[in-house]
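I'm opening my notebook for a new structure today. My plan is to look things up one at a time and jot down what I find.

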Amino acid sequence: MINRKMLRRRTALTVVAVAAFVAILGGKLVDIQVVRADALQKASVNAKEDSNTLYGNRGDIVDASGKILATTIYTYTAQASPSDAVAGGRDKMVEAAAKIGAITGQGGDAVVKLFDDALKADPKSKYVLIKSGMDVTTFDKLDKLPYPWLTFGKTQARSYPNGAVAGNLIGYVSQGGNGGLEDSENGCLAGKNGLETYQRGADGVAIPGSTVVQQKAKDGGTLELTVDSDLQWFAEQTLAQQVTATGSKFGFVTVAEAKTGKIKAIAQWPALDPNNIDATDPSYWRLQSLTDPREPGSTFKALTAAMLIDQGKASPTSQVLAPYEWKSGNGADLHDSGYHAPERLTLTGVLMNSSNTGMSQLGRALADQTRYDYLKKFGIGDDTGLPYPGQSSGLLHPVSSWDDQTKYATMFGQGVSTTQLQMVSAYQALANGGTRIPLTMVEGCKQADGTVTDVPKPTPVKVVSPSAASTTLGMLESVTTQGELSKQLKIPGYNVAAKTGTAQQPDGKGGYLPSYYVSVMGVAPVDDPQYVVSVNLGFPTTITSSAAAAPLFHTIMSQVLKTYRVKPSTSSPADYPPYY
């Protein structure tokens with residue numbers, strides 16, 4: 001009987017207790033869900049929701065064989081919550097700091113000081129930067145430490161595995177802006193970042209399963225170049241040696257395929273290492289062979305000769321008496337580079353001896369407008385169309401502004417300015433049977449799915465007839481077989497056409513600087529042209545004529561013919577007489 005009464009009493013107490021508990025919970029729920037719902041919702045979002053950027057990788061830049069010239073890497077940042085780090089006791093915080101400092105190289109004491117300084121400023125501090133700019137190895141080691149209050153961020157960075165190889169062409173990505181192809185081809189290379197959100201607990205750690213991808217990241221495309229990085233390296237090394245040996249201020253080397261216009265090497269010295277742009281004078285960050293025009297000098301004579309042949313106004317054996325000085329009678333006063341007695345030259349001899357007075361007399365058979373129109377078809381006065389920022393069109397004045405001096409000077413490369421690449425394009429036309437195919441340096445943009453977009457489609461321009469082009473190259477063979485620099489320019493087994501240039505540059509005051517911009521341009525093999533090579537040295541001091549550039553041309557062209565296993569010539573060089 002007693003047991004039944006006690007049981008009923010206990011049951012009643014339990015029911016009352018449960019009812020009271022439910023009432024309390026109900027009241028709390030009403031308070032949370034109704035009374036303070038808006039405020040708590042806002043506080044929850046502000047306190048716990050966070051987001052991460054999902055990085056779309058910037059695409060690689062690769063050479064013609066797929067070798068990576070520029071790629072994306074990540075650097076990492078380590079940060080911590082000081083208040084959470086010290087919550088387990090100072091001794092544990094000091095122990096953790098020692099492990100972190102050993103990995104980052106800062107040392108434990110330095111990390112402890114970071115915590116202490118942050119806590120001194122704010123006892124509830126949730127953030128202190130421990131280390132930025134870490135590589136992936138350091139990040140991996142830190143990430144394995146068992147500290148939930150230690151978190152990480154990552155930032156994209158650009159890496160150039162081959163250093164200065166093609167550095168001026170590739171360009172750079174920096175906080176101050178981009179340069180080179182990194183700039184002009186950003187549409188191909190740039191990735192698109194995405195976003196993810198997550199909920200984090202009071203300790204700052206993401207709550208498992210709370211991450212939601214709001215927008216997926218998209219990687220950039222791969223920029224495929226026509227450049228051969230091995231040949232590029234060779235050209236840069238050889239160029240650097242010759243610039244130093246001749247006391248030159250700078251130098252350029254360009255190699256292009258004769259039949260396609262594809263650039264295989266485009267070297268500059270001083271060169272830019274995109275990994276450390278501040279190590280190079282800013283004036284040499286850009287690719288000057290595209291951006292800085294100069295008077296080309298006597299390499300221009302080949303263009304005038306081709307016009308004369310194409311118009312039927314001269315032949316390789318056309319005769320001219322070429323004195324040291326010649327006056328047009330209408331104001332032009334012209335000189336050759338060095339004093340000599342009058343020479344009985346053919347057009348071939350004018351090219352071989354690089355006679356300004358001889359070319360002027362033969363060239364006047366062409367109307368000024370006719371020459372101007374030819375020059376435009378050769379690409380003079382227009383930029384190359386290559387996708388490089390800040391390139392120059394050079395300077396070709398309209399015929400209406402030519403005085404008599406300009407009329408004749410433009411026949412032999414003065415009174416006009418060009419970039420090195422414009423001259424390469426013009427010689428490509430001569431090497432390709434008179435048809436100029438605009439130069440290319442980019443094959444296209446390869447997307448993640450393997451498709452290739454933005455493939456260049458150059459429109460060929462017929463400049464001169466095939467016979468005029470081949471005849472001009474035949475005349476230029478005399479430079480390598482009989483000319484003053486024939487020993488330096490000749491390549492055994494190959495017929496080589498070449499033209500030297502020793503050009504004065506304007507001083508900006510109506511005269512010319514005392515030093516010279518020297519060059520050699522050439523094509524080989526003449527019987528089946530495969531490559532155009534151009535070398536330029538800026539203001540050499542030990543040798544001040546084109547003799548400074550001749551050994552460089554020989555070395556580069558020889559390497560090109562060997563690298564691409566070009567078959568030796570099977571015919572004899574043209575035998576046009578230089579004198580009459």
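Predicted model: local features only at pLDDT ≥ 70, side-chain atom pairs only at ≥ 80, totals over all residues.

I traced an open sheet of 5 strands in the order E12-E11-E23-E22-E21, with antiparallel pairing. Which strands stand at the edges? I found E12 (263-269) and E21 (497-506) there; each has a single partner strand, so one side of each has no neighbour in the sheet. From one strand to the next, the twist averages 10 degrees.

I zoomed in on E21 and strand E22 (residues 512-524), an antiparallel pair joined by 9 bridges. To pick out one of the partners, I followed Lys499 across and landed on Met521 in E22.

Next I looked for helices on the sheet. Helix H17 (residues 420-431) packs on it, touching E11 (250-257), E12, E21, E22 and E23 (531-538). I noted that the direction of H17 makes about 150 degrees with that of E23. Helix H18 (residues 466-481) packs on the sheet too, touching E21 and E22, and its direction makes about 80 degrees with that of E21.

**Entry: H17 against H18**

What angle do H17 and H18 make where they pack? I got about 105 degrees, with the axes 8 Å apart. That makes H17 roughly perpendicular to H18. On the H17 side I wrote down Tyr427, Leu430 and Ala431, which meet Ala469, Thr472, Leu473 and Leu476 of H18. Sorting the residues of this contact gave me 6 nonpolar, 1 polar and no charged.

**Entry: the disulfide**

I counted 1 disulfide. The link of Cys188 and Cys445 is right-handed, with 90 degrees about the S-S bond. Cys188 sits in helix H9 (residues 186-189) and Cys445 in strand E18 (residues 442-446), so the pair ties together parts 257 residues apart in sequence. Are these two cysteines buried or exposed? I checked, and both Cys188 and Cys445 are buried.

Methods: Residues numbered from 1 in each chain as written. Heavy atoms only, no water. Pairing = 2+ DSSP bridges. Helix = DSSP H or I, 4+ residues; strand = E, 2+ residues; numbered from the N terminus. Axes fitted to C-alpha atoms, helices over the stretch in contact; angles between N-to-C directions. Contact = heavy atoms within 4.5 Å. Disulfide = S-S within 2.5 Å. Buried < 20%, exposed > 50% of the residue type's maximum accessible area, 1.4 Å probe, protein only. Parallel < 35°, antiparallel > 145°, perpendicular 65-115°, else oblique. Nonpolar A, V, L, I, M, F, W, Y, C, P; charged D, E, K, R; others polar.
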